[in-house]
Each structure stands twice: as structure tokens, then as C-alpha cells.
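Work through the exercises below with the sequence and the coordinates at hand. Each task is followed by a stepwise solution.

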Amino acid sequence: MTAPLQTALIIEDDAPIRRFVRMTLEADRWNVVESATLQQGLIDAGTQKPDVVILDLGLPDGDGVDLLRDLRGWSTVPVIVLSARADEQDKIAALDAGADDYLTKPFSTGELLARIRANVRRAGTSLRLEARTFRFGDVEIDLEARIVRKGQADVHLSPTEYRLLAFLVGNAGKVLTHRQILQHVWGPGHLDRDHYVRIHMSHLRQKLEADPAQPQHLLTETAVGYRLVEDAAESK
Amino acid sequence: MAPERPDPDRLLAEVQAEEAAQRRGHLRIYFGASAGVGKTFAMLTAARQLRDTGTEVVAGVVETHGRRETEALLAGIEILPPRTVSVNGRSMTEFDLDAALARQPSLLLVDELAHTNLPGSRHGKRWQDVEELLAAGIDVYTTLNVQHLESLNDVVGGITGIRVWETVPDSFFDTADEVIVVDLPADELLARLAAGKVYLPEQIEHAAKNFFRRGNLMALRELALRRTADRIEEDVQAYRVKRAIAPVWKTEASLLCGVGPRPGGEAVIRNAARLASQLGVDWLAVYVETPRLQRLPASAREGILRTLKLAQDMGARTAVLSGTDPAAVLVDYARSHNCAKVVLGRPRARPWLRILPSLISRVGALAQDLDVVAVGQVESAQPAAPPTTAEAPDDARERNGRRLRAYGWTALAVAAVGLLATPLLPHFDLANIVMMFLLVVVLVGVRLGRGPAVLASFLSVAVFDFFFVPPRFSFAVSDVQYLLTFAVMLAVALVIGNLTAGLRYQARIASTREDRSRAVSEFARELSSLLETDRVVEVATRFIEAQFHGRATILVPDDQDRLDASALAGFEGAEEGTARWVLDNAQPAGLGTDTLAGSRCLYLPLRAPMRNRGVLILKPRYKHLLLAPEQKRQLETFAYLTAISLERVHYVEVAQQALLRMESERLRNSLLAALSHDLRTPLASLVGIAESLMQSQPPLSAPQQESAQQLAAQSQRLASLVENLLEMARIETGGTTLRRKWLPIEEVIGSAIKSARPALGNRPIEVSIGRDTPLVEIDAVLIERVLYNLLENAGKYTPHGTRVRIDAEPEGSSLRVAISDRGPGVSKGQEEAIFEKFTRGVARESNTPGVGLGLAIARAIVEAHGGRIFVDPAPDGGASFVFTLPLGTPPSGPDEAEAGSSAQRTRGTAQ
């Protein structure tokens with residue numbers, strides 16, 4: 001479970017939001033640092049060594065995406081973006097710039113905590129991800145032998161489907177944009193072919209999900225990308 | 001290997017032709033050697049059979065000539081009433097083209113393809129009516145006799161001694177999809193004639209007796225069969241090329257036909273056309289205008305241009321060339337256009353001229369490598385020329401005046417020299433005096449041309465003889481040597497005169513050409529800087545009026561494709577209906593064309609690459625100006641330049657509007673984004689604070705906890721209300737641009753169920769997606785919103801625990817998605833109203849949250865995608881909300897082996 005007194009940095013200009021996020025996180029035994037501006041946020045990210053950053057995209061002194069690019073130059077700390085904008089393009093831009101996850105305002109505190117937990121855990125485990133096997137639901141993936149099992153039976157995946165699955169597993173919990181998936185699985189020459197990802201994702205769901213139309217693990221982030229969640233409860 | 005491959009351009013043309021053919025009606029011609037072979041009978045028999053299988057057959061024109069058997073066949077076929085036309089006070093009937101177009105039958109019977117329409121009809125000939133019917137997608141059956149075929153017209157005339165005026169161009173005959181030969185041996189036909197089974201109009205009965213001779217009929221039969229055989233061979237050839245069975249390409253050699261001023265040129269043209277089609281090559285027809293031909297009377301020149309027009313109608317490219325030596329010009333032109341054969345008319349036998357080489361032998365001598373085909377010219381069978389357009393009288397008068405003045409000046413000049421030379425006579429030798437006369441002859445030749453030069457030489461000889469040569473003041477000549485002086489003087493005058501006249505002619509031609517090309521370039525330059533339609537129209541009108549000496553106007557359709565008829569006010573002779581027809585059919589009409597040739601104006605469509613941009617109407621002062629191919633081409637160039645400019649201006653306007661729209665959209669979107677930010681931020685705090693209140697330590701008392709819960713629930717409700725209002729605002733202001741992507745519908749259904757889960761509570765959801773449901777091109781966010789709203793709706797109006805079904809499957813050319821519940825259903829009469837804004841299901845009005853925006857939003861989104869949304873009663877009670885999304889052609893998926901992997905099981909492990 002969460003280690004005591006991990007540090008979360010909130011970069012958000014709206015004081016009431018800062019206040020309830022602090023209340024929520026402190027109730028969950030987090031040490032909370034608040035910044036109201038982009039400048040202050042960058043300094044805090046450097047000096048406070050946070051375990052997670054919660055970043056509002058619309059800051060008075062600049063765009064949160066710029067901060068992300070700067071931050072990613074020297075830190076891999078999980079970043080969860082808060083956005084009041086419904087426009088998916090902004091979320092995609094933030095994710096492509098290095099954000100790990102996003103929440104659209106208004107969001108529930110439970111959802112915020114779940115996302116923080118998932119991302120912090122993944123950041124902690126990614127270092128030892130030479131782990132041979134990965135599980136979600138009744139699916140088991142042997143990353144060394146490249147064998148995928150569902151229940152007791154072997155599942156047969158095409159090479160591309162396997163590459164796609166492996167990429168999702170390597171970034172479990174994180175939202176991956178279509179662009180990131182295309183770049184990684186198909187290579188930089190195919191960036192405009194979103195439908196490749198969609199078709200293969202649909203194949204993966206048919207092979208691995210109990211009900212492909214109501215997936216529990218291989219989740220769609222509409223118009224943004226996909227996310228693999230290990231625990232079905234976390235998808236809420 | 002390369003030569004085995006069909007030429008890609010030709011294949012493309014083939015594909016385009018096939019596409020055009022699909023839209024075009026199907027043409028079948030019943031083709032016979034003469035009247036009486038039973039073409040109409042055969043046509044009606046076939047039509048009846050088709051009608052019996054359920055095809056809609058309408059008879060446009062069927063000439064039964066009162067024959068009972070034929071009339072019996074017509075029974076039961078719908079007959080299109082003819083149009084009544086009054087000609088010179090007599091009322092006559094004519095095929096009603098507009099009624100046929102309006103009736104739109106699958107098959108129309110139109111007898112007598114070669115018929116000439118009554119004056120005042122849209123087209124001069126019936127075959128042009130048929131052409132328009134075919135273009136409108138109506139199938140046509142028609143009949144045709146061999147002597148009415150343009151290229152065989154004179155041959156038949158030669159055989160039978162009877163020439164007919166009504167002809168159908170071969171090019172049209174060759175576009176027929178099917179030609180059915182109706183054949184009857186000559187003897188049988190004669191027997192039928194004897195039995196009175198062949199109808200003959202009274203006025204030609206006498207001629208017909210000569211016509212229906214056994215020899216004639218056999219020759220006609222042979223012609224008809226051979227012409228059909230030629231056609232079949234063409235079909236076979238086209239087939240071979242298409243299938244690349246054996247490439248039979250010749251190099252693009254073509255055939256050049258020279259048109260001369262002598263009558264009988266039509267026969268040469270027809271021969272050349274026949275030869276070209278037999279050889280399967282393009283052909284060109286040219287007329288070389290020499291200074292001598294330039295002086296021909298206007299009517300003769302018009303005759304030549306008409307011959308050229310005939311050549312054009314028969315598929316030739318035409319040109320008027322100029323030069324002093326026709327043979328050299330022809331050879332040059334043939335070389336530069338890759339023509340291996342030159343077709344020329346054989347001159348009449350004129351034994352006394354045998355010393356002078358004929359044009360044919362001169363062409364042969366100049367170019368040994370060219371094949372020269374000499375064609376006999378039949379002058380006797382030349383039909384009387386159709387009424388010609390008389391030359392404008394003032395034009396002729398002006399030219400005559402100029403000519404008279406030139407001769408006057410010549411006489412004056414010679415008289416002046418005579419006066420000038422008189423005082424010199426005692427001091428100079430006569431040989432030197434004559435030089436002064438020679439000088440004046442040369443000068444007159446240079447300044448005034450050949451005719452005056454000849455006059456000058458004769459006058460000079462006369463004056464010299466009368467006033468200077470002894471005995472003076474008498475035309476008697478004492479010394480024989482002066483006769484030599486006279487002869488030399490006359491010869492010099494003629495040579496110089498001819499030479500200078502030729503030079504002047506060349507110079508004039510060159511300057512005319514330069515004028516033309518300068519006019520085009522000036523016109524293009526002037527147009528290129530314009531940015532408004534009105535200005536383009538104004539400049540183009542001005543230029544065209546100046547160039548073509550007449551009145552011009554340009555009609556440009558407005559946004560609703562209407563023509564402004566008021567622009568024609570004061571433009572005598574121009575009709576809006578004709579302009580409309582030209583715009584719709586992209587065909588020229590009026591003066592000098594095939595359509596409404598009787599009009600005083602020429603209507604040209606302004607054809608631009610994307611579409612027709614308008615109609616140019618020109619009423620030339622001199623009609624013959626438009627007959628010359630060069631002039632016509634010049635006018636077409638002007639029309640094209642105007643069309644291009646209009647199109648350019650149009651796109652400039654489109655671009656500006658798009659820019660404006662983008663700008664306002666950007667403004668609107670940023671306004672909405674700001675609004676949504678400002679509304680959502682406090683809502684986010686409200687929701688968050690309420691929730692954290694619920695979890696605060698130490699725990700709240702029960703009533704406090706309940707208040708906190710209420711606070712959280714109410715603020716959530718407020719949040720979703722704001723969400724809907726913002727969405728509606730976005731749609732209402734037209735600010736929704738669809739971000740369409742190709743995706744499987746189950747993806748959107750899955751994420752919609754996930755987001756709607758809290759609203760649905762414990763209701764189970766069943767999803768069934770048809771196998772082979774293709775990808776759809778949709779805006780995922782918006783369609784998810786539609787599904788969410790429909791699911792949320794089900795959550796609001798159905799009892800807890802009842803099942804909700806989602807079905808998606810392709811249905812025709814769209815995808816049908818249905819969300820069915822087991823709730824109370826939608827009350828009758830409310831099916832439409834519930835999709836209106838702020839309308840809510842009447843059931844349980846009070847205790848259901850929401851303001852009735854959900855379904856209105858869903859409808860707006862579905863309609864923006866080009867689909868429909870409606871409500872049906874569900875099969876097991878409740879309501880079924882259905883929406884459709886159009887299916888398109890999805891992009892090709894990842895490569896086959898990859899995409900098909902779900903079906904293709906290969907190995908236990910993935911590589």
C-alpha cells in the first residue's frame with residue numbers, strides 16, 4: 001500500500017480546488033505541496049522531489065503543456081493533468097508532452113485517488129519491470145517466453161497484436177495516445193493511421209476480454225487513446 | 001513486356017467512357033438499305049417483347065404510314081402526343097422533345113433518325129434530339145436508311161441519282177451501342193413494292209420509280225452491309241485493344257485533306273472521312289488561302305468555310321492556312337502534323353492547261369514520302385446550297401468604295417507622271433521617259449495592290465504611246481521596237497503588282513495573327529488582376545465586343561444557380577431559355593451551331609475545370625465572322641479565359657468566406673472554452689469539497705453526513721446540467737466541427753457504457769454487435785455522448801434492475817444502433833416531441849432530474865453525422881431508441897495477414 005508521507009505537488013491557480021485536493025490527499029496520508037503558478041511549480045518540482053505532480057493546464061503565467069516539456073527534460077515523476085477543457089486535443093497534447101494521466105473537471109475525489117495510486121505504483125514498479133509475467137483478470141502474459149494465456153488456454157496473437165499488448169503492459173495504468181502507440185508499434189511512418197490501432201485493439205479485446213463490448217482492462221479513452229488497467233475496480 | 005500493356009491513358013479514357021455510358025441511355029439503330037425493308041416493324045416487335053417483360057416503353061414518333069400490320073404492333077404502347085407547330089400558317093406536328101424528357105420512360109421509340117425538325121425546334125435534326133434523350137439517360141430505339149448516313153450520302157447519290165438532304169453524321173452513328181441490320185433481298189423488296197406494301201409519299205413517287213430499280217437496291221444493300229461490317233470490325237478492334245490481345249497501334253499518323261475553292265469539296269471531305277475511318281486514324285482538313293483566293297466573292301468563301309464545317313462535323317480538326325503556294329503550305333503542314341497521306345480533289349480535265357503542273361503533282365513532287373490520294377469530284381450531284389447568310393451590305397459597300405478610290409488614285413498618278421514628263425521630252429530619250437512610268441507602276445503596286453498596278457501599267461502604256469511615242473497624239477506606232485517596250489512594261493507591272501500584293505497579303509495575315517495573339521494576352525493580363533465577378537464580366541464583355549464587332553453579354557448564375565434575366569433587357573434576340581439550356585447542357589447554341597441555328601445570337605457556355613461558370617451571349621454584326629475556324633477558336637479562347645477567371649474569382653470568394661468563418665468559429669470556440677472553464681472550475685471545487693466533507697476525520701454526525709451527501713449529489717447534477725447546456729450551446733452556434741475517425745462502433749459503445757454506469761445503477765446491459773460490422777467514420781466523443789445520453793435516459797425512465805439492450809448492425813448503407821429498454825415506453829404522439837429541446841417524457845414529470853436537453857443533443861449530433869434518430873416501441877415493451885450512421889468505404893486496414901490474424905490461427909506463441 002501507499003508508503004507514509006509520500007509527497008504530492010499540486011500546481012493549480014484555483015484556491016478552492018487546491019484546498020479540497022489537499023484535504024483529500026492529506027486524509028489519504030500524503031504530504032502536500034501547493035503551487036499557484038507555473039514558475040513556482042517548476043521550482044517546487046525540483047526542490048521538493050514530489051512522488052506525483054497534479055497539474056492544472058490553464059495557469060495564469062503559462063500553459064501547463066510547456067511546464068510538462070520542461071519537467072520531462074529532467075524528471076520521470078508521474079504527472080496527472082487536470083483540465084477544464086473538454087477538448088480532447090488539449091489532453092492529447094499534454095499526454096504527448098509527457099503527462100501520464102488526465103482528469104476532466106469536475107472529477108470525484110475517489111477517482112483522483114485511484115489515478116494517483118495507479119500511477120505512483122507503476123512508476124515504482126517500472127524499474128523492476130524485467131518481471132517475467134504480468135497478469136490482469138484471468139490473462140497472464142509471459143514476457144520472456146512471449147506466451148499469452150487466458151485461463152488455462154494459450155491465446156494466439158499476431159506479431160503486431162503482441163507488440164501492441166506488450167507496449168500496453170509496459171505502460172499499465174498510463175493513458176497512451178494513438179500517436180504514441182503508432183510510433184512505438186508501427187514506427188514513425190504510420191502516424192496518421194489511427195484505425196490500425198483501433199482494429200488491432202478490437203482484435204485484442206475479442207481475444208482477451210470476457211465481453212469485448214464492455215471491456216474491463218483494455219479501456220478506451222475516447223478520442224484520446226487507450227489504457228490498460230490491471231484491476232477492474234481501478235477503472236472506475 | 002511494355003508493348004503488351006494497354007496504354008494507361010487509353011484505359012482511363014475507356015473507364016471514363018464506361019462511366020459516361022452508365023449514365024447515358026442506350027442507343028439501338030435499326031439500319032436498312034432502303035425504305036420498305038421493315039425497320040419500323042422490327043423495332044416495334046423488339047419493343048413489344050421488352051414491354052411484355054415489364055420495361056416501360058413509350059413511342060415518341062412512329063411512322064406507320066397507315067400500314068395495318070405495323071399499327072397492330074403499336075397497339076397497347078403508350079404514344080407521346082406530338083407538339084403542334086404552326087409553319088407559315090399551316091399547323092404541323094413534330095416530335096415533342098421536352099415532353100419526352102419530362103416523361104422519362106426507360107425506352108423511347110423514335111422513328112426516322114435522319115428527320116429534319118421543323119423550324120423553331122430546339123435542334124435542327126432529330127438525331128440531336130436523340131442525343132439529348134440519351135444524355136438524359138433514356139434508352140432509344142430508332143431507324144435509319146443507308147442513304148442518310150453522311151459519309152455515304154454522295155455515294156448513294158451517285159448510284160441512284162437522287163440526293164437527300166437529311167443526313168446523320170457518322171460520328172453519331174458510330175456511338176450507337178447496337179446496330180441491327182434489317183435486311184431484305186432486292187427481289188423480295190421489289191415484290192413487296194409491287195404488292196403495294198411499301199409506303200411512298202406522293203411527291204416522290206415519280207423519283208422513287210427510278211430509285212427502286214434492282215441494280216440500285218442491290219448496291220444499297222451492299223453499302224449497308226459493308227458499313228455494318230466496318231462497324232463490327234471497329235468493335236472487334238476496340239475489344240482487342242482493351243484486352244491487349246495484340247497491340248495494333250500505328251504511330252499516330254493522320255490524314256490531311258485539302259479543301260479547295262471549287263464546288264464538289266464536300267465529296268472530297270466525305271471521301272477523306274471514309275478513308276480515315278477505314279484506316280482508323282485522325283484526320284485534318286485545311287484550306288489554304290492564297291492571295292488569289294482572298295479575292296473570291298464572300299459567298300464563295302463562305303462556301304469553303306461551310307465545307308470546313310462539314311469536315312469538323314465529320315470528326316476532322318480544321319484550320320485555315322495562308323500562303324502563296326498551296327502545295328508548299330500543305331506539305332509543311334502535313335509534315336508538322338505527322339500526316340502520311342494527303343487527300344486532294346482531282347482537278348477537272350483541262351487539256352490546254354496540261355503544261356502547268358496540277359496541285360496534286362506539285363505536292364507529290366515536293367514530298368516524295370507522302371501518299372497523295374486524288375479524289376474524283378462529282379459536281380453534278382451537288383445539291384443546291386442551303387440559304388446562305390447574306391453579307392452585310394454596308395460592309396460590301398465600304399469595300400467597293402475603297403477599291404474605287406484606289407483606282408482613282410492610280411489614274412491620277414499616271415496622269416501626273418504624264419504631265420511631269422511632258423516638259424522633259426525634248427531633253428531625254430524616250431527610253432528614259434518610260435522609266436518614270438515604270439516607277440509609277442511599281443509604286444502603285446506597292447501602295448495600292450495588284451489590280452491598280454495592272455491598271456497603272458495599261459494606262460501608262462496608253463499615255464506613253466499616245467503622248468510620247470511618235471507619231472504623238474495617236475495610238476499608231478511607227479517603230480516596231482516600241483511594241484517591245486510596251487510588252488516589257490506590262491510584264492514588269494504584272495510581276496511587281498503580284499509580288500507586292502502577295503507581300504502585302506502576308507504582312508496583313510501576320511499582323512492579323514499578331515493582333516489576335518496580342519488580344520488574347522492583353523485579355524488574359526487584364527483578367528488576371530481582377531477580384532470581383534462583376535469586374536470580370538465587365539472587362540470580358542468589353543474585350544469580346546471590341547474583338548468580334550457585336551454586342552456581347554455574360555450571364556453568371558447566382559448561388560442558387562439562377563440566371564438574372566434582367567441582364568438581357570435591351571439585348572434584342574437573346575433568350576433566357578436558351579441561355580439556361582446552354583448552362584445546363586454545357587453545349588454551345590444559336591448562330592453557327594447545331595442547336596437553334598436560326599437564332600441571331602451565339603450562346604457559348606463558360607466552361608471552367610470545375611463547372612460551368614456562366615453563358616456568353618454574342619450577337620455579331622457580321623455573321624460570317626463567326627464561320628471562320630480561327631475566329632471561332634479565338635472566341636472559344638476568350639470564353640475559356642473568362643470562365644477560368646470567373647472560377648478563380650469564385651474560389652477567392654470561397655476562401656475569404658472560409659477565412660471569415662474560421663475566424664468567427666475560433667472566436668466562438670474560445671468564448672465557449674472560457675465560459676466552460678469558468679463554469680467548471682467552481683463546480684469542480686463544489687463537487688470535490690462536498691466529497692471530501694463526507695470523508696472528513698473525525699466522521700460527521702449522521703445528519704451532517706446526509707447533508708454532505710445531498711451537497712455532493714446536487715452539485716454533480718448541476719455539473720451535468722452545465723455540461724449539457726454547454727454542449728447545446730456549442731451545437732446551436734454551429735461550432736461543432738466533427739473530428740471524424742474510422743473506428744469500430746463497439747469501442748464507442750464500450751466507453752459509453754463505462755461512463756453511463758453510475759446513471760444506470762444495477763440495470764444489466766446486453767450488447768450485441770453484428771458480425772462483419774464495418775468501421776464507421778464518426779466523431780467518437782460526440783457519438784459516445786449520444787449513447788451516453790440515451791443510456792442515461794434509460795436509467796432515468798426505467799425501473800431499477802430492468803435490462804437494457806444495445807444492438808448494432810449494418811442495414812443497407814448505414815449502421816443501425818438501437819438502445820432498447822423495458823420501461824414504460826414513449827406515449828403515443830410524443831415520438832417526435834421528445835427530441836425537441838426542453839421537452840421531457842411526460843411520465844413521472846416531477847421526480848426525474850434533467851431539463852430535457854439530452855435527446856435534443858443526441859439528435860443534433862446524429863443529424864450532423866448524416867444519420868437519423870427516432871424512437872420505436874421495443875419488442876418486449878418499453879422504448880427502443882434507434883439511430884443510424886451512414887457507412888462509407890473504410891480505409892484499407894493493416895496488411896492482410898495481420899488483419900486477418902483473428903481468423904488465422906498459426907502457432908501457439910506469437911513472434
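**Exercise 1.** Locate B:R803 in the predicted model, decide whether B:R803 is buried or exposed, and list its contacts beyond the sequence neighbourhood.

Solution. 
- Step 1: B:R803 sits in the loop of chain B that runs between α25 (780-797) and β21 (804-811).
- Step 2: classify it. The relative accessibility of B:R803 is 16%. Buried means under 20%, so B:R803 counts as buried.
- Step 3: collect the contacts. With neighbours within four places in sequence set aside, B:R803 touches B:P764, B:E766, B:S820, B:D821, B:R822 and B:D876.

**Exercise 2.** Which parts of chain A does the salt bridge between A:R18 and A:E34 tie together?

Solution. 
- Step 1: check the pair. The side chains of A:R18 and A:E34 form a salt bridge with an N to O distance of 2.8 Å.
- Step 2: assign the elements. A:R18 is in helix α1 (residues 15-27) and A:E34 is in strand β2 (residues 30-35), so the bridge ties together parts of chain A that are 16 residues apart in sequence.
- Step 3: A:R18 is buried at 13% relative accessibility, whereas A:E34 is partly exposed at 28%.

**Exercise 3.** Determine the exposure of the two partners in the salt bridge between A:E140 and A:R135.

Solution. 
- Step 1: the N to O distance in this bridge is 3.0 Å.
- Step 2: A:E140 has 21% relative accessibility and is partly exposed.
- Step 3: A:R135 has a relative accessible area of 51% and is exposed. The cut-off for exposed is over 50%.

**Exercise 4.** Which residues form a patch of negative charge on the surface of chain B?

Solution. 
- Step 1: the patch gathers B:E532, B:D534, B:D559 and B:E653.
- Step 2: take one of these residues. B:D534 lies in helix α20 (residues 533-548) of chain B.
- Step 3: B:D534 is exposed, at 61% relative accessibility.

**Exercise 5.** Examine the backbone at A:P106, A:R146 and B:E112.

Solution. 
- Step 1: the peptide bond joining A:K105 and A:P106 is cis, with omega about -5°. A:P106 is in the loop between β7 and α5 (109-125) of chain A.
- Step 2: A:R146 is not a glycine, and its phi is positive, near 60°. A:R146 lies in the loop between β9 (139-142) and β10 (147-150) of chain A, and is partly exposed at 37% relative accessibility.
- Step 3: B:E112 also has a positive phi in a residue other than glycine, near 55°. Its loop lies between β6 (107-110) and α5 (126-135) of chain B, and B:E112 is partly exposed at 32%.

**Exercise 6.** Summarise chain A by its secondary structure, burial and contacts.

Solution. 
- Step 1: chain A has 8 helices and 14 strands.
- Step 2: of its 236 residues, 56% are buried.
- Step 3: among contacts in chain A between residues at least 6 apart in sequence, 58% join residues at least 24 apart.
- Step 4: its accessible surface is about 9,400 Å², with 49% belonging to carbon and sulfur atoms.

Technical notes: Residues numbered from 1 in each chain as written. Chains lettered and ligands numbered in written order. Predicted model: local features only at pLDDT ≥ 70, side-chain atom pairs only at ≥ 80, totals over all residues. Heavy atoms only, no water. Salt bridge = Lys/Arg side-chain N within 4 Å of Asp/Glu carboxyl O. Helix = DSSP H or I, 4+ residues; strand = E, 2+ residues; numbered from the N terminus. Buried < 20%, exposed > 50% of the residue type's maximum accessible area, 1.4 Å probe, protein only. Patch = residues over 30% accessible without salt bridge, like charges linked within 9 Å, V, L, I, M, F, W, Y side chains within 5 Å. Areas by Shrake-Rupley, 256 points an atom, 1.4 Å probe, with all protein chains shown as cover. Lys, Arg positive; Asp, Glu negative; His and termini not counted. Charge placed at Lys NZ, Arg CZ, Asp CG, Glu CD. Contact = heavy atoms within 4.5 Å.
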